[in-house]
Amino acid sequence: MPLTRIIEGVNQFHDSYFANHRELFEELSQGQSPDVLFITCSDSRIDPCLITQSPPGRLFVMRNVGNIIPTYGAASITEAAAIEYAVQALGVKEIIVCGHSHCGAMRGLLQVGSLSETMPMVYSWLRTHGEATRRLVIDNYPNETADRLLKIAIEQNILTQIENLETYPVVRSRLHAGTLNLHAWMYEIETGSVSVFDAAQRKFALLEQHSFPVPDPLIVTS
Ligand SMILES: [Zn+2]
């Protein structure tokens, strides 16, 4: 039974990882000071802490269907509250928007009309907040294969969300002050690799191929 495995995992966590990192958890109980706001899809195949090898306390994570950030002032305030809290209260210096290959939300976005009856809430979410991406893809890439179109939609959606982030006053202010950086990431499930948007080249490139520290051109907006 799947739940049995989940409970076994909790016990295993407590007996091994927690037991071996007691000091870290005691320190974390005093407060959090994450480095990064990590925004990604709810998809079960992505684990932000796993793919970045981050211990508890390093990533402030916001997830939803399609790693979508409604523009400032839009009706959905959940994402706005998370962004405001991470930037204003926690003072994160980096925001990563991470999309992923085979994203069901982006596949749904490309055929959004068919969702209106079967999944009205998903339809409403994608229709409201994904239309800019959908329109861009449909209008500009009429002759692409379905697989290629999905990849383009996933990448363009990430870039659209970066632009949406910039509509938040607290983000805009920190960008102007140079105390906040935005990063567009794309995670590929089948290879485990991460690509980042290189603003100078106007395309996503493998993160592994970049030297560290990550150079400025990887920052979409500064
Ligand atoms: Zn997804």
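Reader: How do you know that strand 3 and strand 4 pair?

Author: Strands pair if DSSP finds at least two bridges between them. Seven bridges join strand 3 (residues 94-100) to strand 4 (residues 181-188), so the two strands meet the definition of a pair. Their directions are parallel, and C98 has W185 as its bridge partner in strand 4. This is a predicted model, in which local features need pLDDT of at least 70, side-chain atom pairs count only at pLDDT 80 or more, and totals for chains, interfaces and linings use all residues. Residues are numbered from 1 along each chain as its sequence is written.

Reader: What makes strand 2 and strand 6 edge strands?

Author: The open sheet has six strands in the order 2-1-3-4-5-6, with mixed pairing. Strand 2 (59-64) and strand 6 (203-206) each have a single partner strand, so one side of each lacks a neighbour in the sheet.

Reader: Why is the crossing of helix 4 and helix 10 called left-handed?

Author: A crossing is left-handed if the near helix is turned anticlockwise from the far one by less than a right angle, and right-handed if clockwise. Helix 4 passes helix 10 in the left-handed sense. The axes of helix 4 (residues 78-89) and helix 10 (residues 169-177) cross at roughly 35° and come within 9 Å. Axes are lines fitted to C-alpha atoms, for helices over the stretch in contact, with angles from 0 to 180 degrees between N-to-C directions.

Notes: Helix = DSSP H or I, 4+ residues; strand = E, 2+ residues; numbered from the N terminus.
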